[in-house]
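Colleague: I have just opened this one and would like a short tour. Could you start with the terms you will be using?

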Amino acid sequence: MQRKDSLKLSFFSWIQKGIFAQISIDFYLKRVSIVIKTYKSFYFKHFNIMNYLSVENISKSFGERTLFKDISFGINKDQKIAFIAKNGSGKTTIMSIINGLDEPDTGQVVLRKSIRMAFLSQDNKLQDELTIEESIFASDNESLKVIEAYEKALENPEDEEAYQKAFDAMDQHNAWDFETQYKQILFKLKLEDFKLKVKSLSGGQKKRLSLAIILINRPDLLILDEPTNHLDLEMIEWLESYFAKENITLFMVTHDRFFLERVCNEIIELDNGKIYQYKGNYSYYLEKKEERIASENASVDKAQNLFVKELEWMRRQPKARTTKSKSRQDDFYVIKEKAQSRRKENVVELEINMERMGSKIVELHKISKKFKDHVILDNFSYDFQRGERIGIIGKNGTGKSTFLNLLTGTLPLDQGKVVVGDTIKIGYYTQSGINPKPGQRVIDIIKEYGEFIPLAKGRMISASQLLERFLFDAKKQYDYVEKLSGGELKRLYLCTVLIQNPNFLILDEPTNDLDIVTLNVLESFLLDYPGCLVVVSHDRYFMDKIVDQLFVFRGQGEIETFPGNYSDFRAYEDSNDVAQKEDNKTEKKEWKQNNPTGNLTFNEQKEFQKIEREIKDLEIDKTKIEQLFSDGKVADADIEKKAKELENIIKKIENKEERWFELSAKMEG
């Protein structure tokens, strides 16, 4: 009995000294750690989940500014994860840390051994002196080495022994299908001229080449930073389909919300320094995020009510505190922090003092424009009406931006005329953006339009107040313009266009470099914009929300008007494609029924397979040259040479198809 009493006394003395509490916490944390590790081991073993990469408690600060603290998440095999965060919140820094280009202040990134990881950044790492083909082959991929040897053997057909060796190696490594796949990737990304050197490529072509190299090498884990930038709609939809059907592990940053919807099966969001994970696509993310914010706000409301009561108690308490009141005092500051943590949702507010629109808006009378043989417009006419919201879509190079420059008089017409109504004031947001003077600050850009800006109903606001409405706080307004991120520059430029009070607004790729939060803000503003709107954009989600009519640029001066948004247009196009495929199936079935059958010898089977591959390659070469003529990219001096080359390819295709039909006629079925 005495021993028990002495133990009790020791027990309570430990509590008073705080020793037992510390021991208990340490013991508890160790036990929790063991349980978590055991659970992870069991989960990954029995559910066949392989962890590729783990981000463990990383933090990063720049001076006094903390970007994020103690954040963790993992990437597992076959996950397709989108990473979402506001501009300036540390998204790019996290991408750099994951790829070893930056170091966290605390924590670590652990990559599973033997995992091959590739990173598509905004800055290309290509070698200027290499050609497209050499850049593709400059890797350790065994199949690419075999294909490279085969391509060289084709260039020297007189060396039969080398050709046969290369041909046999293609068979041994099953490289024929791989060759077809990588050429298809290059063709889809408009990189058909393999002999072009990297230094002669545009920025967009370099980005597409970097993407092609990653796709061709098929790493275990792909880290992608804005993969749809510099791609036209056709390329984006092909890449979307490719990622959706391939068993591939992705971690990417993208503002393309259709891409998020159709490709990703998980979304990780960095919001106010914390990580939130959503096991679903973009629609699921929006739904669950709304629920989370509602729950957080309800929690804040409760804390605010409690804060009022605790504040009253704090004010009437005497200076001398008991142990109990000291504890309550500490709790008070926790409640205060919670009560003051309500989210501040950013909303651009700008009541434009828009000029009244007369009956005549903008009229296009049989306008034409071409560059050598490349036709942009051919006798195109259109009368814009009040409140029209028109989107312009088409492949790169079909003349979308040129059309906007003709519309605004930036480029001269070859023939026809553009008539602008007397009451029309055009605002033109171009891809070139702002060209600030050296040492110019953000507020200086706005003050060029005046210290005070007129709004609707005779009211005015200062330049500083206007910038606040465009999400530039007081500190940011005095930053040098060259320090702004790409998204912030776009937002500032948009501000300068809108404060001029246009009633006919033209936007050329306004969504580039904007994060999803800012995109939602811009969309909300444009939905309430009362004037005429003309938009060129590859952002399908944005186009669906903003426009109700399309100009479809088909190339060579062919422009179709379509009543509806982008999704309506795709549904219409897809229905036509299905009908065309059914017609093709019927033709093939009838051909088979009308042809005799037979058996092929072993050598004939090999010949048949080889002819099929050769026809595919020739068809790709034929399409490349036809596209060059279509885009007007053939120099006058090369026209005859290219025409003969095309003629020879067509003859080869015809000869090989004739032999293919002979062999097909002997096949069974």
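Modeller: Contact means that heavy atoms lie within 4.5 Å. This is a predicted model, where local features need pLDDT of at least 70 and side-chain atom pairs count only at pLDDT 80 or more, while totals for chains, interfaces and linings use all residues. Residues are numbered from 1 along each chain as its sequence is written, and side-chain values use heavy atoms, with hydrogens and water left out.

Colleague: OK, what does T93 touch?

Modeller: Leaving aside residues up to four places away in sequence, T93 touches K60, F62, L67, F68 and D102.

Colleague: Is T93 buried or exposed?

Modeller: T93 is buried, because its relative accessible area is 13%, and buried means under 20% with a 1.4 Å probe and protein chains only.

Colleague: And which helix is T93 in?

Modeller: T93 lies in helix α3, helices being DSSP runs of H or I with at least four residues and strands being runs of E with at least two, numbered from the N terminus. Helix α3, residues 91-98, lies across β1, β2 and β4.

Colleague: What is the strand order in that sheet?

Modeller: The order is β2-β1-β4 in an open sheet of 3 strands with antiparallel pairing, where two strands pair if DSSP finds at least two bridges between them. The edge strands are β2 (65-76) and β4 (106-111), each of which pairs on one side only.

Colleague: How many bridges join β1 and β2?

Modeller: Strand β1, residues 51-62, pairs with β2 over 8 bridges in the antiparallel sense, and S61 stands opposite T66 in β2.

Notes
Axes fitted to C-alpha atoms, helices over the stretch in contact; angles between N-to-C directions. Buried < 20%, exposed > 50% of the residue type's maximum accessible area, 1.4 Å probe, protein only.
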